[in-house]
Amino acid sequence: MSINCIAIEHKIELLPRAILGDFRLAPRRFQGIEFGNVDRWFPWLRSLRQMKKDLLLAFDVGTSSVRAALVSETGKILAFAAKELEQAVPRFGWSQQRPLAWWEGLVVSVRHVLEKVANGADRVAAIAGCGQMHGVVLVDDAGELVLEEAPIWNDKRTRELVAQFSAEQDTKALLSIVANPPTVAWPAFKLVWIKQNLPKAYDAARTVLMPKDYINFKLTGECRFDLSEASSSYLFDIRTGDWSEKVLNMLGLDPAKLPLISQATEVLGAVTKQAAESTGLRAGTPVVVGAGDFPVALLGSGVTSPGTGCDITGTSTVITILSDHPAADPILSNVRAITGGWAAFTILDASGDAMRWARRTFCRQEPHSYEEMMSLAEAVPAGADNLLFLPYLNGERLADQPNSRAQFFGLTSEHTAAHLYRAVIEGVAFASRRNIAVMKSRGYQLDRMVSAAGGARTRLWLEIKASVYNTTILMPSEPECGVLGCAMLAGFAAGFFSSLESARADLVRYEDEILPNPRWTERYQKMQSVFDDLYQSSEKFWDRLES
């Protein structure tokens with residue numbers, strides 16, 4: 001019998017000795033089985049071999065899609081899937097999505113990636129997700145949605161409420177508590193709006209969740225906030241690391257509706273039987289708390305130390321730089337970084353969104369692909385033959401004029417769709433450069449930047465940005481920085497990495513360095529001046545349009 005046990009040991013390789021001891025108790029009829037037939041005689045051995053937990057599942061609840069990926073221990077994305085989302089805009093300045101659409105998108109995406117990798121569900125060691133930040137999801141005592149559609153990050157229905165709060169309160173003094181200026185994006189003001197305008201919905205809500213937290217809740221039945229989401233809610237006290245009683249009282253909000261706050265790497269719970277049936281995952285698989293998509297993208301792009309800048313371009317463009325302390329500034333916003341310290345940032349609400357708008361607007365019959373758009377734009381000279389685009393399709397959140405509008409300036413009969421495409425790309429860069437100028441005026445230095453998220457895939461756009469910013473841009477080898485960041489969180493929780501810093505050192509690489517084009521930079525500096533003046537002169541018309 002000992003010979004048969006040795007054969008089995010060689011066949012399965014990784015089974016521990018404690019398990020092998022049980023094989024010696026096999027009935028006599030199994031003695032003498034051939035090495036190659038072990039699976040036939042012991043079919044359960046196949047599932048034991050497949051129990052090796054060598055994969056990580058990452059998900060990202062974005063604005064335009066829900067994405068899922070299976071990632072190896074070495075950071076290689078083995079399978080990737082995305083389900084597109086729609087954004088409802090019932091009136092100017094409003095933006096909302098169906099949380100159930102996020103869950104439906106996750107189910108489709110997760111099932112797709114599990115099917116692509118052999119024994120994928122059995123091999124998942126841990127799950128971690130990120131998501132669009134600042135969206136407000138309300139869940140009742142039964143775990144059901146209170147509102148079918150949730151106001152998301154770029155919703156600006158709270159504009160008047162924020163203006164009133166800013167006029168009545170000493171918001172500069174509050175910077176020492178919340179580390180942020182009041183803006184329309186923050187969940188605090190969305191909650192106040194719901195309480196004032198939809199009081200029955202507010203009263204019915206047991207818990208407030210962010211988008212990725214709602215997915216976590218659907219997976220595990222557990223509710224939690226992470227530090228990054230909490231720190232950019234306008235309800236977080238940076239001095240205590242907990243919810244601010246003072247601000248909650250000022251706004252008249254119920255603290256009992258807010259979940260506990262945890263580190264992004266903590267295990268929240270395990271996949272429930274019901275969630276397993278929906279997604280194809282294995283019940284009991286650990287789920288990590290996770291974090292907002294912005295701080296996760298910083299982690300996945302290797303931006304973990306003070307002094308490093310990052311351009312995160314997806315639906316929006318976030319320009320950020322890490323520091324040890326939050327910027328106590330009435331213009332700059334702050335979010336707690338996953339690895340410690342703070343990320344000061346500015347944001348342009350419509351960047352990738354502007355490209356999507358251009359794609360569906362300029363060629364309605366047969367829209368150009370994004371590759372075709374870039375190819376057409378590349379054939380147009382820098383400056384798009386004196387055509388400018390202000391990309392404020394959804395207004396702004398960090399500005400005195402959150403009701404700003406988009407516009408083309410300088411149009412002539414000579415301009416083509418290719419010029420319009422290039423002007424949109426350049427307009428996003430000019431608007432982001434305005435935000436960089438704000439940061440530099442506050443003493444921040446951006447000698448080089450790392451490009452994260454979707455914009456990292458488009459070389460022309462990066463060359464335009466590098467030339468407009470007049471700053472070197474690094475391209476990560478893995479453009480799906482959010483996915484990689486989630487994999488780091490899950491991998492740390494599963495014991496794959498001793499620390500997030502070691503995960504960064506092992507997994508993050510840069511494949512290229514984009515330098516400014518001197519001729520473009522000279523041209524863009526002149527056009528930036530016109531862009532800035534155009535922005536300032538247009539401000540007076542935005543209120544008149546609304547009235």
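Biologist: What makes Asp-311 and Lys-465 a salt bridge?

Modeller: Keep in mind that this is a predicted model. The closest N and O atoms of Asp-311 and Lys-465 are 3.1 Å apart. The cut-off is 4 Å between a side-chain nitrogen of Lys or Arg and a carboxyl oxygen of Asp or Glu, so Asp-311 and Lys-465 form a salt bridge. The pair links distant parts of the chain: Asp-311 sits in strand 16 (residues 309-313) and Lys-465 in helix 19, 154 residues apart.

Biologist: And why is Asp-311 called buried?

Modeller: Its relative accessibility is 1%. Buried means under 20%, so Asp-311 counts as buried. Lys-465 is also at 1%, so that residue is buried too.

Biologist: How many salt bridges are there by this rule?

Modeller: The count comes to 19. Another one joins Asp-226 and Lys-212, with the closest N and O atoms 2.8 Å apart. Asp-226 lies in strand 9 and Lys-212 in helix 11, so this pair ties together parts that are 14 residues apart in sequence.

Biologist: Are Asp-226 and Lys-212 buried or exposed?

Modeller: Asp-226 has 1% relative accessibility, so it counts as buried. Lys-212 comes in at 0%, so Lys-212 is buried as well.

Biologist: What about Arg-356 and Asp-353: why is Arg-356 called partly exposed, and why does Asp-353 count as buried?

Modeller: Arg-356 has a relative accessible area of 24%. Buried is under 20% and exposed is over 50%, so Arg-356 falls in between and is partly exposed. Asp-353, at 14%, is under the cut-off and therefore buried. Their side chains meet in a salt bridge of 3.5 Å, N to O. Both residues lie in helix 16, 3 residues apart, about one turn of the helix.

Biologist: Which salt bridges join into a network?

Modeller: Salt bridges that share partners put Lys-212, Asp-213, Asp-226 and Glu-229 into one network.

Biologist: Back to helix 16: which of its residues are buried, and what do they pack against?

Modeller: In helix 16 (residues 352-362), the buried ones are Gly-352, Asp-353, Ala-354, Met-355 and Ala-358. The buried residues of this helix pack against helix 17 (370-378), strand 20 (388-390), helix 18 (417-441) and helix 19 (459-469).

Biologist: How do you know that Arg-224 has no salt bridge?

Modeller: The nearest side chain of opposite charge, Glu-266, is 4.1 Å away. Arg-224 does have a polar contact of 2.7 Å between its side chain and that of Ser-262. You'll find Arg-224 in the loop between helix 11 (211-220) and strand 9 (225-226). Not counting residues up to four places away in sequence, Arg-224 touches Asp-213, Pro-259, Leu-260, Ser-262, Glu-266, Leu-268 and Val-289.

Biologist: On to the rings. What makes Trp-94 and Trp-193 an edge-to-face pair?

Modeller: Their centres are 5.5 Å apart, with 85° between the planes. Trp-94 lies in the loop between strand 3 (77-84) and strand 4 (96-97) and Trp-193 in helix 9 (residues 187-197), so the pair ties together parts that are 99 residues apart in sequence. Both Trp-94 and Trp-193 are buried.

Biologist: And why is the pair of Phe-165 and Phe-189 called edge-to-face?

Modeller: The ring centres are 5.3 Å apart and the planes stand at 70°, so this pair is edge-to-face too. Phe-165 is in helix 7 (residues 159-168) and Phe-189 in helix 9, 24 residues apart. Both Phe-165 and Phe-189 are buried.

Biologist: Which rings are linked into a cluster?

Modeller: Ring pairs link Trp-357, Phe-362, Phe-389, Phe-408 and Tyr-421.

Biologist: Last one: which residues touch the most other members of the largest nonpolar core?

Modeller: Trp-102 and Leu-235 do, in a core of 91 residues. Helix 5 (residues 99-116) gives the largest share of this core, 8 residues. Apart from it lies another core, of 53 residues, among them Ile-321, Leu-420, Ala-429 and Ile-514.

How values were computed. Residues are numbered from 1 along each chain as its sequence is written. This is a predicted model: local features need pLDDT of at least 70, side-chain atom pairs count only at pLDDT 80 or more; totals for chains, interfaces and linings use all residues. Side-chain values use heavy atoms; hydrogens and water are left out. Buried means under 20% relative accessible area, exposed over 50%, partly exposed in between (1.4 Å probe, protein chains only). Helices (H or I, at least four residues) and strands (E, at least two) are DSSP runs, numbered from the N terminus. Contact means heavy atoms within 4.5 Å. Lys and Arg count as positive and Asp and Glu as negative; His and the chain ends are not counted. A polar contact is a pair of N or O atoms within 3.5 Å; within protein, one must be able to donate a hydrogen and the other to accept it, and residues adjacent in sequence count only if both atoms are side-chain atoms. A nonpolar core is a set of buried Ala, Val, Leu, Ile, Met, Phe, Trp, Tyr and Cys residues joined through side-chain atoms within 4.5 Å. Rings of Phe, Tyr and Trp (its six-membered ring) pair if their centres lie within 6.5 Å; planes under 30 degrees apart count as stacked, over 60 as edge-to-face and the rest as tilted.
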